[in-house]
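Hello,

I am handing over the structure we spoke about. Please look through it first; my notes follow below.

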Amino acid sequence: MYQINSSNLELASAHAQGLHTIGDAAKLTGVSAKMIRHYETLGLITPTDRTQANYRVYQTREIHLLRFIKSARDLGFSMKQIAQLSSLWKDEARSSADVKKLAMEHIDEMDERIHALQQMRNALSDLANRCQGDDRPDCPILDGLSCCHQQAQQQQ
């Protein structure tokens with residue numbers, strides 16, 4: 001694999017060789033510099049080379065990987081799932097069945113969350129429909145929330 005020894009590079013030379021600073025990488029990928037550093041600490045991307053002035057510099061492959069991670073995050077994959085997907089993405093001998101299995105597991109998790117959100121929405125909608133929304137102090141929404149809180153405390 002092509003390796004650049006950037007520790008001897010000035011920033012201008014790094015740019016001339018097609019390397020990108022963390023700010024450039026953030027602009028190119030839509031991933032904040034803070035998240036790029038976080039992904040590095042999690043091991044999702046390998047620690048980058050640095051210039052003489054200690055600037056992180058990224059090669060094109062890291063830019064592609066950051067875009068991949070962002071796409072996976074946009075689809076709601078967890079960091080653990082992204083690590084698995086990234087490993088599969090890099091493995092040219094991978095089985096698409098492994099990738100599909102991860103995707104289907106994630107879909108099942110999303111369906112569970114959607115169901116839970118629908119239940120919450122229905123409960124809140126029911127409380128809101130019972131509230132007159134007028135100048136009187138009695139409020140079925142607050143009563144319902146208080147009731148649920150009291151029941152939860154009694155169950156503990």
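I begin with a cysteine. Cys-139 has a relative accessibility of 15%, so it counts as buried. Please keep in mind that this is a predicted model.

Cysteines

How many disulfides are there? The count is zero. A disulfide needs two cysteine sulfur atoms within 2.5 Å. For Cys-131, the nearest cysteine sulfur belongs to Cys-139 and is 3.8 Å away, and Cys-131 is in no disulfide. Cys-139 is likewise in no disulfide, the nearest cysteine sulfur being that of Cys-131.

Nonpolar core

In soluble globular proteins, nonpolar side chains tend to be buried together. Here the largest nonpolar core has 19 residues. Which of them touch the most other members? They are Ile-36, Tyr-39, Ile-45, Tyr-58 and Ile-69.

Leaving aside residues up to four places away in sequence, Ile-45 touches Ile-36, Tyr-39, Glu-40, Tyr-58, Leu-65, Leu-66 and Ile-69.

Sheet

Three strands make up an open sheet, and their order is β1-β3-β2. The pairing is antiparallel. Thr-21 has Val-57 in β3 as its bridge partner.

Aromatic pair

There is one aromatic pair in the structure. It consists of Phe-68 and Trp-89, whose ring centres are 4.4 Å apart. Their planes are at 10°, so the pair counts as stacked, the cut-off for stacking being under 30 degrees. Phe-68 lies in helix α4 and Trp-89 in helix α5, so to speak of the chain, the pair links distant parts that are 21 residues apart.

Are these two residues buried, exposed or in between? Phe-68 has a relative accessibility of 21% and so counts as partly exposed. Trp-89, with a relative accessible area of 38%, is partly exposed as well.

Regards

Definitions and conventions: Residues numbered from 1 in each chain as written. Predicted model: local features only at pLDDT ≥ 70, side-chain atom pairs only at ≥ 80, totals over all residues. Heavy atoms only, no water. Core = buried A, V, L, I, M, F, W, Y, C linked by side-chain atoms within 4.5 Å. Buried < 20%, exposed > 50% of the residue type's maximum accessible area, 1.4 Å probe, protein only. Contact = heavy atoms within 4.5 Å. Pairing = 2+ DSSP bridges. Helix = DSSP H or I, 4+ residues; strand = E, 2+ residues; numbered from the N terminus. Phe/Tyr/Trp six-rings, centres within 6.5 Å; stacked < 30°, edge-to-face > 60°.
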